[in-house]
Amino acid sequence: MNLDDYYQMIETVISSMGVAVKDARGRRQGQWNLNKGDVRVWIDLWMLEDDERIYFQVMSPVRRLPARHESLDFMEKLLTVNNELYGAAFTIRDGWAWLKTIRLVDGMDQKGAERIIRRLGFYGNKYQKHLREVFGPEPNKPVHHREEE
C-alpha cells in the first residue's frame, strides 16, 4: 500500500466512527482532528522521505502542565499511569501533558487503526478526569488547537 491508500484507510475509519471526514480534515494532507468526549484527538499520517517509511501517529492534549512547585507529583503520576497504558504513553510537549502513540503502518489494517484512535480517545477522557480529580480543575483551561503548532 502507498501513502494515498493509507489516507483512504484512515478516512474510512473516521467515517465509520460517525464523523464527517470533511469536517475532520486538518489544514495539511494526512492530518485529521476529532473530538472524543472532552478531549481532542489528532491523527497524523506521513512519509519520511529519507527512508520512505510511513508513520501513523495519534495524539491527545490532556492537561496543561502545573506550576513548577507541583510538577514533581504531576510527573510522577504520569509515569505511574504510563505503566497502566497499552500502546500509548504520556509525553510532554509545548507545556502540555499529551497521550501519544506512533508506529510504522507496516502490517496495520483498518481495524487496527480504529482501535488505536478509539484507545487514545478513551484514555484521553479517562485520564483528563483522573488528573482533574487528583490535581484539581485547571483554571481558565485554554483549548489546545492544532493551529498553534
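Is aspartate 51 buried, exposed or partly exposed? Aspartate 51 counts as partly exposed because its relative accessibility is 33%, where buried means under 20% relative accessible area, exposed over 50%, and partly exposed in between (1.4 Å probe, protein chains only).

## About the model

This is a predicted model, in which local features need pLDDT of at least 70 and side-chain atom pairs count only at pLDDT 80 or more, while totals for chains, interfaces and linings use all residues. Residues are numbered from 1 along each chain as its sequence is written, and side-chain values use heavy atoms, with hydrogens and water left out.

## The loop between β2 and β3

Let's stay with aspartate 51 for a moment. Aspartate 51 sits in the loop between β2 (39-48) and β3 (53-64); helices (H or I, at least four residues) and strands (E, at least two) are DSSP runs, numbered from the N terminus. Glutamate 52 is found in that loop between β2 and β3 as well. Glutamate 52 has a relative accessible area of 63%, so it is exposed, and it shows a positive phi of about 55° although it is not a glycine.

Glu49, Asp50, Asp51 and Glu52 form a negative surface patch. Patches are made of residues with over 30% relative accessible area and no salt bridge, with like charges joined within 9 Å and nonpolar side chains (Val, Leu, Ile, Met, Phe, Trp, Tyr) within 5 Å. Lys and Arg count as positive and Asp and Glu as negative, while His and the chain ends are not counted. The place of a charge is taken as NZ of Lys, CZ of Arg, CG of Asp or CD of Glu. Accessible areas come from the Shrake-Rupley method with a 1.4 Å probe, and for residues only the protein chains shown count as cover.

## Salt bridges

Side chains of opposite charge can pair when their charged atoms come close. The count here comes to four salt bridges, each a side-chain nitrogen of Lys or Arg within 4 Å of a carboxyl oxygen of Asp or Glu. In one of them, arginine 25 pairs with glutamate 11, the closest N and O atoms being 2.7 Å apart. This pair links distant parts of the chain, with arginine 25 in the loop between α2 and β1 and glutamate 11 in helix α1, 14 residues apart. Arginine 25 is partly exposed at 45%, whereas glutamate 11 is buried at 15% relative accessibility.

Another salt bridge joins glutamate 114 and arginine 118, with closest N and O atoms 2.8 Å apart. Both residues lie in helix α4, four residues apart, about one turn of the helix. Aspartate 94 and arginine 93 also meet in a salt bridge (3.6 Å, N to O). Aspartate 94 lies in the loop between β4 (89-93) and β5, and its phi is near 55°, a positive value in a residue other than glycine.

## The end of helix α4

Phenylalanine 135 belongs to helix α4. With a relative accessible area of 28%, phenylalanine 135 is partly exposed. Phenylalanine 135 and proline 66 are 69 residues apart in sequence, yet 8.7 Å apart in space, C-alpha to C-alpha.
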